[in-house]
Amino acid sequence: MTPRIAIFTDLDDTLFQTARKLPPEAVATAVKVAHATNDSHGLMTPGQAALLAWLDPSRTIPVTARGSEAFSRVALTFRGPAIVANGAAILDAAGTPDREWQAHVRSTLAAHRPDLDALPARAQAAAAGIGAEIRTWLVEEPGCGGVYAVVKAEPGTPEDALAPLAARLRDGLPETWRTHLNGNNLALIPPGISKAAATGFVLARLRQSGPVLAVGLGDSRSDLAFMRLCDLWMTPTGSQLDRAVTATIP
């Protein structure tokens, strides 16, 4: 039997990015495909549009840190499931959460709820201690509440202030928590929540009806775990993941 092809792809900085991450001449030809409430909209270049058309949206499964609400502001049409909120939710094409996965996540988070709910206040206090101004919140998912914490530096606070802030926050968390920092985005993720876990769940379900050739796309080191569940993977040149890999090449 010929395998079906399934494309598991990150969104931000893989299929689109903000204007500040594009050269000025590229902004003029890029198209807005994701609305941001702070006006830092997601822009897709002609090359990225050609890539998505080649991949075929009908067999493409988004795997994104965006929560359900932020994902709803992405103006790209995918016809299958979507993995959102760093794997804390799996949505069908209509945006309805997968009940089996939702119950699993709710159970997984129960033991970590006190630490998770306290993180925004802890982040603000830690930021004040190093003279940084931040905005922070919990990504909320229906039926699960907050599923992971996000911290971003406010204008005027250097992005490199997030690294010492991350270290301070890690000191108060169990070792099993994951911290991911990429540019002006710091995520603190409780155990059991991951893009890889959700990708494995979706891939196993797809393979119940026959062989699947899976391809993974992503830009950051945090994407690598879900990408390595696939048979092949791709990353944009110059991405965080590309830099990490090429740094090991003599």
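R207 is partly exposed, with a relative accessible area of 34%. In this predicted model, the R207 side chain meets that of D231 in a salt bridge, 3.4 Å from N to O. The bridge links distant parts of the chain: R207 sits in helix α7, D231 in the loop between α8 and β12 (232–234), 24 residues apart. A search of the whole structure finds 11 salt bridges.

**The R207 pair**
- D231, the partner of R207, is partly exposed too, at a relative accessible area of 42%.

- K195 forms a salt bridge with D223. The closest N and O atoms are 2.6 Å apart.
- K195 lies in helix α7 (residues 195–207) and D223 in the loop between β11 (212–217) and α8 (224–227), so the pair ties together parts 28 residues apart in sequence.
- Both K195 and D223 are buried. The cut-off for buried is under 20% relative accessible area.
- D10 joins K195 and D223 in a network of salt bridges.

**The E154–R135 pair**
- E154 and R135 form a salt bridge through their side chains, at 3.4 Å from N to O.
- R135 belongs to strand β7 (residues 134–141) and E154 to the loop between β8 (145–153) and α6 (162–171), so the contact ties together parts 19 residues apart in sequence.
- E154 is partly exposed, at 26% relative accessible area. R135 is also partly exposed, with a relative accessibility of 26%.

- Side chains of opposite charge can pair when their charged atoms come close.

Conventions. Residues are numbered from 1 along each chain as its sequence is written. This is a predicted model: local features need pLDDT of at least 70, side-chain atom pairs count only at pLDDT 80 or more; totals for chains, interfaces and linings use all residues. Side-chain values use heavy atoms; hydrogens and water are left out. A salt bridge is a side-chain nitrogen of Lys or Arg within 4 Å of a carboxyl oxygen of Asp or Glu. Helices (H or I, at least four residues) and strands (E, at least two) are DSSP runs, numbered from the N terminus. Buried means under 20% relative accessible area, exposed over 50%, partly exposed in between (1.4 Å probe, protein chains only).
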